[in-house]
Amino acid sequence: MIQAVGLAKRFGAVDAVTDVTFTAAPGRVTGLVGPNGAGKSTTLRMLLGLVRPDAGTATFDGTPYRELRSPAGTVGAVLDIASAHPAATARGHLSTVAALAGQSRSRVDEVIAAVALESFAGRRVKGFSTGMRQRLALATALLGRPDVLVLDEPSNGLDPAGIVWLRTFLRDFAADGGTVLISSHVLTDLEHSVDDIVLIDRGRTAWTGTLTAFTAHGATLEQAFLALTTRELIA
Ligand SMILES: Nc1ncnc2c1ncn2[C@@H]1O[C@H](COP(=O)(O)OP(=O)(O)OP(=O)(O)O)[C@@H](O)[C@H]1O
């Protein structure tokens with residue numbers, strides 16, 4: 001389980017995150033939603049030990065990311081899809097990362113198949129579309145057989161078929177007992193893929209609960225989002 005308690009982070013004069021508390025449970029897909037600039041990416045970066053919180057804790061089954069015995073075997077994260085060398089092929093990139101992490105060559109083929117990247121695997125990354133880069137980034141995150149996936153805006157650049165594919169992939173990952181935390185400001189993407197919602201507004205957790213409870217605040221996820229963020233603004 002992912003647990004964030006009282007997270008806060010200030011960059012100079014900007015309070016990026018002031019008070020974020022939530023859990024993301026195994027077997028469920030949790031959507032981290034909120035308006036632009038609400039603090040979603042900063043929250044994910046604190047979870048992954050990339051940004052040091054000014055206050056609060058972020059843990060995976062009670063352990064901070066930086067103290068995990070096997071980080072790649074615990075958490076697969078995609079925050080940035082531009083990490084592969086442009087001249088490398090997808091298979092070459094995955095083989096390099098796998099070799100550095102002491103993983104077998106057969107695992108490279110498994111993750112290529114898992115993200116349906118077979119037909120692009122021999123092509124150089126510099127010619128990849130955003131959707132192909134998303135799949136490669138996800139494949140890289142899966143190399144260590146993590147139980148937890150943390151993905152920042154994973155449907156960015158995916159075509160409709162890619163979005164349906166990703167949704168099915170994440171649902172299957174959770175059905176196998178995995179924990180999935182995805183951030184997005186494209187609410188319609190999440191409507192069919194998440195079980196739970198964590199709404200962040202202006203650096204604070206504004207609402208947490210099931211998707212069903214969330215949509216009770218409006219006919220659609222979008223209406224519920226607007227109703228809840230407006231209420232926060234009024235308060
Ligand atoms: N390294 C940084 N230095 C200064 N300010 C930052 C930094 N990172 C984030 N911020 C600021 O913190 C606030 C929250 O940003 P963050 O990227 O976490 O929001 P977000 O919810 O992910 O937004 P979006 O949906 O637009 O991606 C914003 O005002 C942003 O400008």
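The largest share of the shell around the ligand, 3 residues, comes from α1.

Reader: Good start! What kind of model is this, and how are residues numbered?
Author: This is a predicted model, where local features need pLDDT of at least 70, side-chain atom pairs count only at pLDDT 80 or more, and totals for chains, interfaces and linings use all residues. Residues are numbered from 1 along each chain as its sequence is written.

Reader: Which residues are around the ligand?
Author: They are F11, V14, A16, G34, N36, G37, A38, G39, K40, S41, T42 and H185, each with its C-beta atom, placed from the backbone, within 6 Å of the ligand. Two elements give two or more residues to this shell: β2 (14-24) and α1 (40-47). Helices (H or I, at least four residues) and strands (E, at least two) are DSSP runs, numbered from the N terminus.

Reader: Switching to β8: why is it described as largely enclosed?
Author: Because 6 of the 6 residues of β8 (residues 196-201) are buried, the rest of the structure largely encloses this strand. Buried is 20 or more other C-beta atoms within 10 Å of a residue's own, exposed is 12 or fewer, and partly exposed is in between, with C-beta atoms placed from the backbone.

Reader: And which way do its side chains point?
Author: D196, V198 and I200 point one way from β8, and I197, L199 and D201 the other way.

Reader: Which strands does β8 join up with, parallel or antiparallel?
Author: With β3 (residues 29-33) the pairing is parallel, over 4 bridges, and L32 has V198 as its bridge partner. With β9 (residues 204-210), β8 runs antiparallel through 6 bridges. Strands pair if DSSP finds at least two bridges between them. In the β8 and β9 hairpin, 2 residues lie between the strands, and R202 has a positive phi near 50°.

Reader: What about L211, buried or exposed?
Author: L211 is buried, with 21 other C-beta atoms within 10 Å. L211 sits in helix α8 (residues 211-215). Leaving aside neighbours within four places in sequence, L211 is in contact with V194, D195, D196 and I197; contact is C-beta atoms, placed from the backbone, within 7 Å.

Reader: Last one, α3: which residues are buried there?
Author: In α3 (residues 90-100), these are A90, R91, H93, L94 and V97. They fall within an arc of 160° seen down the axis, so they line one face of the helix; the arc is that of the directions from the helix axis to the C-beta atoms. The face turned away carries the exposed residues A99 and L100.

Methods:
Two residues are in contact if their C-beta atoms, placed from the backbone, lie within 7 Å.
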